[in-house]
Amino acid sequence: MARTPSTMLPLETKAPNFTLIDTVTDSLFSLEKEKIEKGVVIMFICNHCPFVIHINEEMVRIANDYRTQGFSFIAISSNDVENYPQDSPILMRKIARENNYTFPYLYDETQEVAKAYQAACTPDFYLFDTELKLIYRGQLDDSRPGNGIPVNGKDLRSAMDAVLRNTKVSSNQKPSIGCNIKWK
């Protein structure tokens, strides 16, 4: 299990637009058409990564807790499915259903979206405000497989709570650690 850190895209970076296939609904999803009330969380994940599997339940819990408060959530898998067939779109749909994803699970076949976001690992989290400016990037929390720290989503929750309180999101942000994106 590789331990690759996030690249930490500069804060205030404008979210690169994308249109990708949602593997759950088999329809095209476009960021520019997404209604964003409070902010949008973009998550680079994949099916097989032990770091993603470790936080899957909390990721779904956070999406359920905060979407009712005006946040949108989008998951993207950019892995090379030729060499990692367990991350194929058909299996993405299966994983989304098994884990009760309440958000789109998009397939980035060309890997252009991951490159535009400078995504490096799975999971990798980005929170953008209503103007699609980056206000948080990095880890969900300090928990990793085998480190004994409970998964609670503390870091991402703290950033979204700051938005809800109309306060500045702390710039003290830690990179996520996970499996490297499987580049072609």
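Author: Two strands are said to pair if DSSP finds at least two bridges between them. The model discussed here is predicted.

Reader: How many bridges join β5 to strand β6, and in which sense do they run?

Author: Strand β6 (residues 105-107) is joined to β5 by three bridges, and the two run parallel. Within this pairing, Ile76 has Leu106 of β6 as its bridge partner.

Reader: In which sense do β4 and β5 pair?

Author: Strand β4 (residues 39-44) pairs with β5 in the parallel sense, over six bridges.

Reader: Why is β5 described as largely enclosed by the rest of the structure?

Author: A residue is buried when its relative accessible area is under 20%. Seven of the seven residues of β5 (residues 71-77) are buried, so the strand is largely enclosed by the rest of the structure. Both faces are covered: one side carries Phe71, Phe73, Ala75 and Ser77, while the other carries Ser72, Ile74 and Ile76.

Reader: Where is Asp80 placed, and which side chain of opposite charge is nearest to it?

Author: A salt bridge requires the charged atoms to be within 4 Å. Asp80 is in the loop between β5 and α2 (89-98). Asp80 is buried but has no salt bridge, as the nearest side chain of opposite charge, Lys184, is 5.5 Å away. A polar atom of the Asp80 side chain does lie 3.0 Å from the backbone nitrogen of Glu82. Beyond its neighbours within four places in sequence, Asp80 is in contact with Gln111, Lys182, Trp183 and Lys184.

How values were computed: Residues numbered from 1 in each chain as written. Predicted model: local features only at pLDDT ≥ 70, side-chain atom pairs only at ≥ 80, totals over all residues. Heavy atoms only, no water. Buried < 20%, exposed > 50% of the residue type's maximum accessible area, 1.4 Å probe, protein only. Helix = DSSP H or I, 4+ residues; strand = E, 2+ residues; numbered from the N terminus. Lys, Arg positive; Asp, Glu negative; His and termini not counted. Polar contact = N/O pair within 3.5 Å; in protein donor to acceptor, adjacent residues only side chain to side chain. Contact = heavy atoms within 4.5 Å.
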